[in-house]
Amino acid sequence: DDQLSILATLQYWGLDSSLGKQDNPVFLLTPRLSDLHPDLRMSGSGYKVIEESLPDEQTRLSYIRWYLEDHRREDPIALIDLTREDLARNTAGLELRQVEDILLLGANNGNERETTGGTGVTGVTRLLVKTRKDAIIRQQYSEAIVMLDPLPEGFAGLGGMEQLIDFTREEVIAPLREGWRRDVPKGILLVGPPGNGKTRYVEAAAKELGYNALSLRMATILGGVVGTSER
């Protein structure tokens, strides 16, 4: 009964012209549009859908610059082994509050804080960024994905695969490091029976690139009801 009462109130607000005349907009916030009641998603409900995507790299970079230069001017946070551009690139897929979380961890992470040459200066490292990002992804998407741990030896830990390794270095790693991301393949399809090293190659590539490697749990993603897999 309480939920129906709230729904009726929201429907009334959506069509109440007096609210508009008073300049009192009503905002409904939800992580997923599908969680909102269908009646409120209808075109005649009076509500307009505005989908906010995750911040892109330029937005993250602007936020990082503001945060370090202005917000933390009196209490600076050092970037140890990465630049601001590296930090913006390596936090792809995260919200700005999660980027701030990483910055704060770099400043106040207790026993796990990193120091620079024994100077006692705390800061953010590539390892911290990756560790925290892995934890966020595991927490939010554990039902759908599995995090793959990078192969410690990188490509040196692979037996054979010279042609694939050369391709990855020339067509993926080199363009990324030079900033020519448009030249990087948008996808690479590995075909072969179980046990021929596809996953191990991905783990080695993750180490060489310094990126996250994810494996989809297809059994939990694919559903028999229309719309389930997409959601």
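Predicted model: local features only at pLDDT ≥ 70, side-chain atom pairs only at ≥ 80, totals over all residues.

Colleague: Then is M161 buried, exposed or partly exposed?
Modeller: M161 sits in the loop between β3 and α8 (162–178). Its relative accessible area is 24%, so M161 counts as partly exposed.

Colleague: And what is phi of M161 near?
Modeller: Most residues other than glycine have a negative phi. M161 isn't glycine, yet its phi is positive, near 60 degrees.

Colleague: What about D23, what is its phi near?
Modeller: D23 lies in the loop between α2 (17–21) and α3 (38–41). At 63% relative accessibility it counts as exposed. Its phi is positive too, in a residue other than glycine, at near 55 degrees.

Colleague: On to K133: how far away is the nearest side chain of opposite charge?
Modeller: K133 lies in helix α7 (residues 126–141). It's buried yet has no salt bridge. A salt bridge needs a side-chain nitrogen of Lys or Arg within 4 Å of a carboxyl oxygen of Asp or Glu. The nearest side chain of opposite charge is D134, at 7.3 Å.

Colleague: Which backbone oxygen does the side chain of K133 reach, then?
Modeller: Leaving aside neighbours within four places in sequence, K133 is in contact with N90, T91, A92, L94 and N212. From that set, the backbone oxygen reached by the side chain, at 2.8 Å, belongs to A92.

Colleague: R72 next. The backbone oxygen of which residue lies 2.9 Å from a polar atom of its side chain?
Modeller: R72 is found in the loop between α4 (57–71) and β1 (78–79), and at 12% relative accessibility it counts as buried. Beyond its neighbours within four places in sequence, R72 is in contact with Y67, I77, L104 and A107. The backbone oxygen at 2.9 Å is that of D75.

Colleague: What separates the C-alpha atoms of A144 and A219?
Modeller: A144 is in the loop between α7 and β3 (145–148). Among the residues it touches are L216, R217 and T220. A144 and A219 are 75 residues apart along the chain, and their C-alpha atoms are separated by 8.6 Å.

Colleague: Last one: what is the area of the nonpolar surface patch that includes L216?
Modeller: L216 belongs to strand β4 (residues 213–216), and at 53% relative accessibility it counts as exposed. Together with M218 and L222, L216 makes a nonpolar surface patch of about 310 Å².

Terms used
Residues numbered from 1 in each chain as written. Heavy atoms only, no water. Patch = residues over 30% accessible without salt bridge, like charges linked within 9 Å, V, L, I, M, F, W, Y side chains within 5 Å. Areas by Shrake-Rupley, 256 points an atom, 1.4 Å probe, with all protein chains shown as cover. Helix = DSSP H or I, 4+ residues; strand = E, 2+ residues; numbered from the N terminus. Buried < 20%, exposed > 50% of the residue type's maximum accessible area, 1.4 Å probe, protein only. Polar contact = N/O pair within 3.5 Å; in protein donor to acceptor, adjacent residues only side chain to side chain. Contact = heavy atoms within 4.5 Å. Lys, Arg positive; Asp, Glu negative; His and termini not counted.
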